[in-house]
Amino acid sequence: MTYDVIVVGGGPAGSTAATVVAMRGHRVLLLEKESFPRYQIGESLLPSTVHGLCGLLGVTDEVERAGFTLKRGGTFRWGSNPEPWQFSFAMSPRVPEPQSTAFQVERSRFDEILLRNAAANGVEVREQCAVREVLEDNGRCTGVRYVDADGTTHTAHARHVVDASGNTSRIHRTLGDRIQSDFFRNLAVFGYFAGGERLPEPQRGNIFCAAFDAGWIWYIPLRDDLTSVGAVVSPELRSLVQGDPREAWTNLIAACPEVAAKLEGVPTATEPPYDQVRVRKDYSYWKERFWAPGMVLVGDAACFVDPVLSSGVHLATYGALLAARSINSCLDGELAEQTAFAEFESRYRHEYSLFYKFLISFYDMHRDEGSYFWSAKKLTEVDAAETAAFAELVGGLASGEFTSADVRTELRTAAADLGRSVEELAVAADGTNPLYSSRVVGETFQEGRNLQDEALHGPAADDRGSGLVVSKDGLSWERR
């Protein structure tokens with residue numbers, strides 16, 4: 001069989017790419033190795049996904065009707081101050097509620113909404129079909145070979161193949177090695193509780209993150225009777241976690257008083273698939289290349305940074321949207337492949353780099369000696385207040401991965417700006433977020449706001465200077 005596009009993987013990235021291409025009238029085959037609904041980690045979403053991407057795909061109403069827990073932001077407990085501080089999505093009057101909210105979702109349910117929507121838009125969805133091989137001809141990907149649920153081998157051809165098969169993907173070897181971050185070398189051990197204490201309103205549905213000596217813990221209220229709890233720890237604890245993950249998970253929670261208190265007397269979940277304790281390691285990475293002739297990588301097959309600001313689904317679906325726009329531009333004969341996918345890769349890497357630089361600091365929490373900000377000052381060895389030192393870290397100055405003098409000067413300026421905003425958190429009124437007045441945070445979330453605006457008002461003017469802008473229907477690129 002021959003298609004315009006074959007998408008490998010039915011998660012948010014794959015469903016997004018398939019739907020956007022099908023919305024242009026192209027023939028799309030989506031191959032998913034599992035049967036939906038299926039389990040997946042990554043339950044905390046950003047407004048850009050809920051009100052931007054879902055709006056563009058036409059599933060906003062269905063997602064809102066699903067009854068997912070409303071999320072207004074994040075609540076954090078780091079450093080010497082025993083009181084948590086809020087990270088609100090109320091970014092500006094331009095994005096009021098409900099656009100400044102998101103959801104905590106059971107990924108099995110959320111992902112199925114996106115996959116069934118792909119089918120409703122004309123995508124040929126085949127579950128329990130595992131791709132075994134990528135077909136090539138003269139250096140170009142031309143299709144795939146896959147095995148269905150009955151063990152029968154099939155061959156399918158297409159002008160473009162999208163690898164959205166996740167962090168365990170093995171079909172993209174022609175695009176170079178996977179590069180592991182030298183800074184982010186931690187691992188996560190996570191599981192679920194059958195309930196747990198909730199934050200007071202209006203932060204009841206917030207993700208709660210608390211730093212402690214070994215690292216930090218996330219606490220996500222999925223339902224009244226279900227809470228996702230995960231510990232992100234340093235490489236030194238790798239052997240402990242891999243020896244007995246459940247015991248390590250239990251001990252790490254007990255070592256974090258703020259989280260342990262919320263779970264006192266609460267049993268662990270026994271409802272499948274939430275009854276397991278899982279481990280994920282070395283999850284910060286990127287591929288040498290995101291595309292080659294006939295093939296493009298999106299989602300965790302391309303890159304992943306970390307879970308602390310819930311950027312995973314946003315980056316995955318944003319990259320898939322970019323890829324689909326480039327594919328449509330090629331299939332419609334509007335752009336050459338090199339031009340279209342250079343735009344995709346440039347925008348995707350830029351978005352990833354913003355989150356990467358912003359989040360560098362969060363993985364040195366295990367060095368905390370009573371105050372996270374004090375620890376940041378010690379680590380960066382800067383002559384500045386603790387909050388400014390924290391900002392230096394957030395700005396990316398602590399890592400040897402950003403050593404260019406120009407880059408360091410730029411990040412130091414942004415870090416000083418962020419430091420002033422961090423100090424304002426202590427006196428901020430409810431519902432405000434002075435962090436968003438800083439350039440480094442504003443830039444990190446700018447593309448998410450753009451996606452929300454696109455869903456509400458259509459594509460706006462784009463000043464990237466590449467000569468390409470989003471088409472009026474949001475499905476491809478067009479020349480300025």
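Student: What makes the contact between the side chains of Arg107 and Asp111 a salt bridge?

Tutor: Keep in mind that this is a predicted model. The N-to-O distance for Arg107 and Asp111 is 2.8 Å. The cut-off is within 4 Å, from a side-chain nitrogen of Lys or Arg to a carboxyl oxygen of Asp or Glu. An Arg and an Asp at 2.8 Å meet that, so the name holds.

Student: Why are Arg107 and Asp111 separated by about one helical turn?

Tutor: Because they sit four residues apart in helix α4, which covers residues 107-120.

Student: Are Arg107 and Asp111 buried or exposed?

Tutor: Both are buried. That label calls for under 20% relative accessible area.

Student: On to another pair. How do you know that Arg145 and Glu133 form a salt bridge?

Tutor: Their closest N and O atoms are 2.5 Å apart. The limit is 4 Å, so this pair qualifies as well. Here the bridge links distant parts of the chain: Arg145 is in strand β9 (residues 140-147) and Glu133 in strand β8 (residues 130-137), 12 residues apart.

Student: Why is Arg145 called partly exposed?

Tutor: Its relative accessible area is 28%.

Student: What about Asp225 and Arg223: what makes them a salt bridge?

Tutor: Again it's the distance, with the closest N and O atoms 2.8 Å apart. Asp225 has a relative accessible area of 41%, so it counts as partly exposed.

Student: Which residues are linked with Arg223 and Asp225 in a network of salt bridges?

Tutor: Glu106, Arg109 and Glu271 belong to that network along with them. A search of the whole structure turns up 17 salt bridges.

Student: Now the sheet. Why are β11 and β17 said to pair?

Tutor: Pairing takes at least two bridges, and β11 and β17 (residues 285-287) have three, so they pass. They run in the antiparallel sense, and Gln180 stands opposite Tyr285 in β17.

Student: And what makes β11 and β20 the edge strands?

Tutor: The open sheet has three strands in the order β11-β17-β20. β11 (178-180) and β20 (303-304) each pair on one side only, and that makes them the edges.

Note on methods:
Residues numbered from 1 in each chain as written. Predicted model: local features only at pLDDT ≥ 70, side-chain atom pairs only at ≥ 80, totals over all residues. Heavy atoms only, no water. Buried < 20%, exposed > 50% of the residue type's maximum accessible area, 1.4 Å probe, protein only.
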